[in-house]
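Q: Please take one part of this structure and look at it closely. Give me enough of the rest to see where that part belongs.

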Amino acid sequence: MQNNQNSQNRSSGSGTGRTYQQQRSAYSRPSGAAERQTRPQNASRSAASGASGMRSQRSQQPYSEGVRQRPGNAAPQRRSQVKRTKRPSGMGPLLIALLIFAAILIIICVSVALSSAKKNPGFENTETTGNISTEPSETTGENTEPPDTDSPKTTEPPATETSEPYPQIPEITFKSDLSAYEEYMNPTDDSEYLILINTENTLDSTYKPNDLTALVDTRQDGRAVQYMRKNAAMAMEAMCIEARACGCKNLSVTSAYRSYEYQKQLFDNRVNQYLATMPYDEAYKKAATINAIPGTSEHQSGLCADIHNISTGANVSFADTAEGAWLAENSWKFGFILRYPKDKTELTGITFEPWHFRYVGRKAAYEIWSNGWCLEEYFEHHN
């Protein structure tokens, strides 16, 4: 009876149990329309699952520099393997502070240096005067060698600054048109021409002016062309032009620039001349009153010239000629002074030379001429 009941239950499928066939059919493959409905759903699920997996895989792969890694390639580098250099924090402000400190230190040093320079200004000229010998001219005609333009040129000797303004110069009129020479006769800055040259204020043996200019009024008697510094040469040319216009027609320059070596030759010859009648010390001293000792000659400066009309050579008698008197009275207008006046030999140490004229520029020349000074007195007054 019980066996019959169990058999009915299995056949009818009542209750919660299933038959073996029912269980097998539940897990069997769908067919027909059911299978067709299932396939699209499974395909969409597979596609979504593949895309999601690809995105997940790509998000995990880093980019190398400029190359995009594809899935399946070698394992990408880790970010920890890329080293980046970082500037140490705090160095920027420290560097700026150091630069500011250095700039402040430099400013302080410059200020101290400028302050010191103001308290101790440069070199001062301390020209002295006294019984000294300056440049004489030869008492006979000279054939001075032309300057060697290839020799080294040295710097100019220091000029002396005047401490007082120049006196008012009266109006000047010329018979000739000398307007082209005005800048040379009356230079705006004459400081480089105001130089005292004597035994206490000497020129170096290598000194040679760098602007020597040929003199058109060199005496035409076979001697070499004479030279002076440019301003002095042009002013001398103007003075000779005006002298001829005023009736002094035969003035000419017999000697101007002399090198140190040529001056030494002249001085030695003079000493040897006196050695025939006196000891060397006396001969040397006497020669120094006529020919300047080498290095003390104004001729080496290129700022002076011997000018006269005596065919036999320079002579004190030139002072008594019309030409000599005209030069003594008018040379200041052209920037020249009579360097060794007759009544100043105790100051200059040189005998009277009415033919020796020195260029200083019109302003200083007028002050010296109007006061009756020699050049030593001019420097004594202004220093």
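A: The protein chain has 12 helices and 6 strands, where helices (H or I, at least four residues) and strands (E, at least two) are DSSP runs numbered from the N terminus. The model is predicted: local features need pLDDT of at least 70, side-chain atom pairs count only at pLDDT 80 or more, and totals for chains, interfaces and linings use all residues. Residues are numbered from 1 along each chain as its sequence is written, and side-chain values use heavy atoms, with hydrogens and water left out.

The part to look at is α12. This helix is mostly covered, with 6 of its 8 residues buried; buried means under 20% relative accessible area, exposed over 50%, and partly exposed in between (1.4 Å probe, protein chains only). The buried residues of α12 are L375, E376, E377, Y378, F379 and H382. They pack against β5 (336–340), α10 (345–348), β6 and α11.

Two packed helices are described by the angle between their axes and the distance between the axes. Helix α11 spans residues 362–371 and helix α12 residues 375–382; they pack at an angle of about 100°, with axes 10 Å apart. Axes here are lines fitted to C-alpha atoms, for helices over the stretch in contact, and angles run from 0 to 180 degrees between N-to-C directions. The two helices are therefore roughly perpendicular to each other, the term for 65 to 115 degrees; under 35 is roughly parallel, over 145 roughly antiparallel, and the rest oblique.

On the α11 side, A364, E367 and I368 meet L375, Y378, H381 and H382 of α12, contact meaning heavy atoms within 4.5 Å. The residues of this contact divide into 4 nonpolar, 2 polar and 1 charged. In this count Ala, Val, Leu, Ile, Met, Phe, Trp, Tyr, Cys and Pro are nonpolar, Asp, Glu, Lys and Arg charged, and the others, Gly among them, polar.

The largest nonpolar core has 37 residues, and M228, M236, I307, L327, F334 and F336 have the most contacts inside it. Such a core is a set of buried Ala, Val, Leu, Ile, Met, Phe, Trp, Tyr and Cys residues joined through side-chain atoms within 4.5 Å. At least two residues of this core come from each of α5 (182–185), α6 (230–245), β4 (304–308), α9 (322–330) and β6 (353–359). Its largest share, 9 residues, is from α6. M236 touches L215, M228, V253, A305, I307 and F336, leaving out residues up to four places away in sequence. Another core, of 13 residues, lies apart from the largest one and includes W332, I337, Y366 and I368.

Elsewhere, S255 sits in strand β3 (residues 252–255) and is buried, at 0% relative accessible area. Its C-alpha atom is 9.4 Å from that of H356, 101 residues away along the chain. E298, in the loop between α8 (280–287) and β4, is also buried, with a value of 0%.

For the protein chain as a whole, buried residues make up 38% of the 383 residues. Among contacts between residues at least 6 apart in sequence, 77% join residues at least 24 apart.
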